[in-house]
Amino acid sequence: MAASTPSANTISSRALVAQEALLKAIKSRKSQDIEASVHQWDPIASSIPPNHPDYEPVLASYAVALLLRWEESHQQKDIRKAIMTLENALTCLANIPSRNRYQNLANLGAAYMDRYERTQKDPKDILRAAECWEQAHAISVSLGFMRESASKILTNLGEAYFYAYEVSASGPEAVELAIKTFQSALTHGSKENQGGTRYRVGQCYSALYGRRRQREDLDAAIENLRAATEHELEDEDRQGALMELSRTLARRYDLTREEADLNDAIHWAKMALEENQGEPSILRNLANLLYWKYKDLKDQAALDQAIEYYEVIYALYQNKPGRSLASFYYSFGTALIRRFDAMEGQNQGRMQDIERAIDLMEWAVRSATPECLDDYQHRLKGARSRRDRLVNRRTSSPPATMRSSNTIGFPSQPASPTAISFAEQQELPKRSSTLRRAPIPSLSSHPDTPGSSSTVIYRISKDSDTRSRSGSRSSEAPSESTIIPMRQSQPAPSIFSESMSVMSVPAVQDLPPMDIHQARPRVLRRATKGIPIPTLAKSPASPKLGPSPPEKPRREFLSFVKLRTPKSTS
């Protein structure tokens, strides 16, 4: 005998109980509460007929429960079913402005965006998310609660526009639309969200400058990013704003050659480092800026400090296999060659610098892309020539007329793809966030034994930015915080070597005191969390290279209406 279909009152009674379970799950966010809520809504949503008066609110509430579980487990079946359920709920409502329609559209947009960010499959999800949020915003305007929704809907909508541009689902006009949307959020949204919104406006202008190369876009980006740093920001947004501001100032310096812009870029990069220790991309950006300062302004202290940061980065990168590090080896080796040339007439440490530079250039050549190979080989040839001249000078003293210059390996007018502006080579930490970059190629073909080296990794002194020219390398007694020098003919460690771990980084111990924040920059959306700098008191845990934890949800899970009380049968 077939089971009887539940009556309308029975369904409504069960739905009221399930709603209490859902409210509990929303409040606690505990896995067991979320699972219990989904299990209560499952049979109700599958058995309720379309003509039931609670059909739409039941579907909306069931979708919320599924989205809660999606954020816990990221099972594709949950997000797929939540999207289908919300789409069905929308079809039950008249196409007129209403709170129910607004709430369903807001959550449906969030579901589509979440799915794309997790799967990276169909950019149409971003466009559908933007469409849902556009409709939700229009409803909030017509019903008179725009200020209530501006900080949520408009911010999400602006991010969707920008994200669509970043993944090539829309053209540059989407960036201009994102700027207008963010500016509307600044006008109508709450004051507490002003900093994050100004940060996003700055990112949009920075992207427009990269596309159009117009000075006004660059100035607008810097203005908004500076304003963002003056507001209270979440850790992730603050780190992103500091890094983006440093990078944008470096771009303007590259354009105008005003020293103040370069000094400001270094200042903001150091602030980013103070607030997020141990992130290689931040260290690398700072090291490149310091090297640039030496290159343009001949500031020897800046070059020494850049090399010290490069050494720290090198050690940190040992725990990040699979990265394409050819450009890093090239930058590090070039800095060492520059210091070798600057120390003409001194013997202390010069051989160590040039031997180390040769090793790095050999690594760069072996993992170089075809378009960079000629430049890397040329720089390697120049480093070897310098070493040979130094060795010959130690065994004999040729006449002055036989001594060649120290300019080989630095072409004055390089024509290869490597000869791009410094600002365009700056790295930003990866996100989470919306500024998606192309996947980094694997280092599967990286040599395990790159060659011999005579090298020492030095400390960064908190007392001075300069290092003594004499005795600073040989007189320092080894300690637990220093890396043992590599002897000549001793193979340098592979990038995959377990012996070169984050725990062996010495230099960062002497950086100025910093508050460690588990923060990460937002390049509009998610970014990977940084590795904490090790301390002498406690060794750090191995960095997790898996997927980053889910971001704070874009919804507040209030998108279901109050269910109707069952009618009395008396």
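These legends walk through several close-up views of one predicted model. Residue numbers start from 1 along each chain as its sequence is written, and side-chain values rest on heavy atoms, with hydrogens and water left out. As the model is predicted, local features need pLDDT of at least 70 and side-chain atom pairs count only at pLDDT 80 or more, while totals for chains, interfaces and linings use all residues.

**View 1**
The protein chain has 17 helices and zero strands. Both are DSSP runs numbered from the N terminus, with helices being H or I of at least four residues and strands E of at least two. Of its 570 residues, 54% are buried. Here buried means under 20% relative accessible area, exposed means over 50%, and partly exposed is in between (1.4 Å probe, protein chains only). Look at contacts (heavy atoms within 4.5 Å) with a separation of 6 or more, and 73% of them come from residues 24 or more positions apart.

**View 1. Two nonpolar cores.**
A nonpolar core is a set of buried Ala, Val, Leu, Ile, Met, Phe, Trp, Tyr and Cys residues joined through side-chain atoms within 4.5 Å. The largest one has 68 residues, and Trp41 and Trp133 touch the most other members. Helix α3 is the top contributor to this core, giving eleven residues. Another core lies apart from it, with 64 residues, including Tyr199, Leu262, Leu290 and Tyr309.

Helix α4 runs over residues 76–91, which is 16 residues. From first C-alpha to last it reaches 23 Å, close to the 22 Å expected at 1.5 Å a residue; that expected span is 1.5 Å times one less than the number of residues. Which residues of α4 are buried? They are Asp78, Ile79, Ala82, Ile83, Thr85, Leu86, Ala89 and Leu90. These cover an arc of only 165° around the axis, so they sit on the same side of α4. (The arc is that of the directions from the helix axis to the C-beta atoms.) The buried residues of α4 pack against α3 (55–73) and α5 (99–119). On the face turned away from that buried side, you'll find the exposed residues Met84 and Thr91.

**View 2. Two loop residues with positive phi.**
Histidine 74 isn't a glycine, yet its phi is positive, about 55°. Histidine 74 sits in the loop between α3 and α4, and is buried at a relative accessible area of 18%. Arginine 213 isn't a glycine either, and has a positive phi of about 60°. Its place is the loop between α9 and α10 (215–229). Is arginine 213 buried or partly exposed? Arginine 213 is partly exposed, with a relative accessible area of 45%.

Arginine 212 is partly exposed at 32% relative accessible area, and glutamate 176 is partly exposed at 36%.

Aspartate 353 forms a salt bridge with arginine 339, the closest N and O atoms being 2.9 Å apart. Aspartate 353 is in helix α16 (residues 350–366) and arginine 339 in helix α15 (residues 326–342), so the pair ties together parts 14 residues apart in sequence. Both aspartate 353 and arginine 339 are buried. Glutamate 344 and arginine 350 also meet in a salt bridge, at 3.5 Å from N to O. Glutamate 344 is partly exposed at 41% relative accessibility, whereas arginine 350 is buried at 2%. Salt bridges that share partners also link Arg215, Asp219, Arg252 and Asp261 into one network.

**View 3. Two cysteines and no disulfides.**
A disulfide is a covalent bond between the sulfur atoms of two cysteines. The cut-off used here is a pair of cysteine sulfur atoms within 2.5 Å, and the structure holds zero of them. Cysteine 92 is partly exposed, with a relative accessible area of 36%. Cysteine 132 is buried, at 0%.

Note on methods. A salt bridge is a side-chain nitrogen of Lys or Arg within 4 Å of a carboxyl oxygen of Asp or Glu.
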